[in-house]
Amino acid sequence: MMRLSCFCQHLSMDSAFKSPIFHPTASFSHSQVSFPFFSFQAQYLTLNKLPTILRCSNSSTISSTTNGNNNNMAGLPVKKKRKRYRKQYPGENEGITEEMRFVAMRLRNIKGKKVSSDCVSDSETDTENTPSDQEKEDDSETVKSGENGGDGEAETWSPTMEGFLKYLVDSKFVFNTIERIIDESDDVAYAYFRKTGLERSAGLSKDLEWFSQRDLVVPEPSNPGVSYVNYLEELAEKSAPLFLSHFYNIYFSHIAGGQVIARKVSDQLLEGTELEFYKWKGDVQESLKDVRKNLNMLGEHWSRDDRNKCLKEAAKSFKFLGQIVRLIIL
C-alpha cells in the first residue's frame, strides 16, 4: 500500500511539471488549460477581425501614389506654365535676304535720317546683330551710294580715272573669286547659284582691255580688294551660309548702286561711254529675284544662330565694298 502511494506521488510530481495542454474552442471566449491532476480556465480577449498580413512594398509605388493624391487634392486645376515665344527679327517672315535688307537700311540710317517708322522700331528691338557705331560710319557711304540710288553723298564725290581703274581692278578680283568658288565647289548649296545671269567678271575683263588699248595703265589689285578676296576664300571653306551672305550682297550692292557710279563716271570721265560692267543680258531684276528666292529657300534650313551670323556678315560685306568704292575718288 505504501509502495503504491509512493508510486502515485512520484507519477503525479513528474506529470505536474510537464508542459500544459491547451484546448482551444471555436465558439467560446476562453480556452481550457489542463494538467494531468489539475486544470484551470484562462480567459482571453478575442478580436473579431481578419488577420493582418504585412509585406514590403516598392517605395516608388508609394511615392507615385502619394504624389498623385497630392496633385489631385481637392480637385484643384493644375496651372500650366506660360510658354514664351521669341520675337521675330525684322524681315524674318519673308526670308534671310529681307533680313539683310533691314541691316542695310539700319546702316543707312546712322545720321538720324528716318527711313521708315517700321524699320526704326523693328531695328531697335534687335541689338544683338546691330553693328557698332564705328562699323556703321565705315559702311554708310557704300550703302547710301548703293541701295537707294546714291542720294546725298553720291552727288558730292568726283571720280578720278586712276581711282576708277583701281576700283574696276579690285571689283574684277572680287567677282572672279566668288564666281570661281561657286563653280568649283563641291558644296551642294553653291550649285543653286551657278549661271545666274548676274556674273560680272567677263564684262570687267572686256572693260579693262578697252582701257589698256587707250594707253591707260591697268594697275594690280590694291589692298582693299586683296583683303576682301582673302577673307572670302577663308569664309567659303568654313561656312556656306556666311559666304553666300557676301555673295548675295556683292551682287545686290552692284545692281542697286552701280547705276549711280556708272552714270557719274560716264558723264565725267568717259564722255558718255557705257561699260560692260554695267550691262546685263535680260532683266537683271528677274535674275536677282531668282537668286533671292534660292537663298531664302536655303535659309529656311539654317539655324537662328547661322542666320544671325549671316546678318553680321552682311554688315562686313558693306564695309569691304565701301573700301573698294572709295578708291574711285582717290
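Helices (H or I, at least four residues) and strands (E, at least two) are DSSP runs, numbered from the N terminus. This is a predicted model, in which local features need pLDDT of at least 70, side-chain atom pairs count only at pLDDT 80 or more, and totals for chains, interfaces and linings use all residues. Residues are numbered from 1 along each chain as its sequence is written, and side-chain values use heavy atoms, with hydrogens and water left out.

**View 1. Ser185 sits in the loop between helix 6 (161-184) and helix 7 (201-212).** Ser185 counts as buried because its relative accessibility is 18%, buried meaning under 20% relative accessible area with a 1.4 Å probe and protein chains only. Leaving aside residues up to four places away in sequence, Ser185 touches Tyr190 and Arg194 (contact: heavy atoms within 4.5 Å).

**View 2. Here is the largest pocket, with a volume of about 320 Å³.** A pocket is an open set of points on a 1 Å grid over the protein atoms alone, where a 1.4 Å probe fits, with protein on both sides within 12 Å along at least five of seven lines; lining residues have an atom within 4 Å of a point. The volume is the space filled by probe spheres set on the points, joined across faces, edges and corners. Among the lining residues are Glu199, Arg200, Lys206 and Trp280.

**View 3. The second largest pocket holds about 170 Å³ of space.** Its lining includes Met100, Tyr248, Arg292 and Phe318. Helix 3 (96-108), helix 9 (240-268) and helix 10 (284-299) each give two or more residues to this lining, and helix 3 supplies the largest share, five residues.

Methods
Buried means under 20% relative accessible area, exposed over 50%, partly exposed in between (1.4 Å probe, protein chains only).
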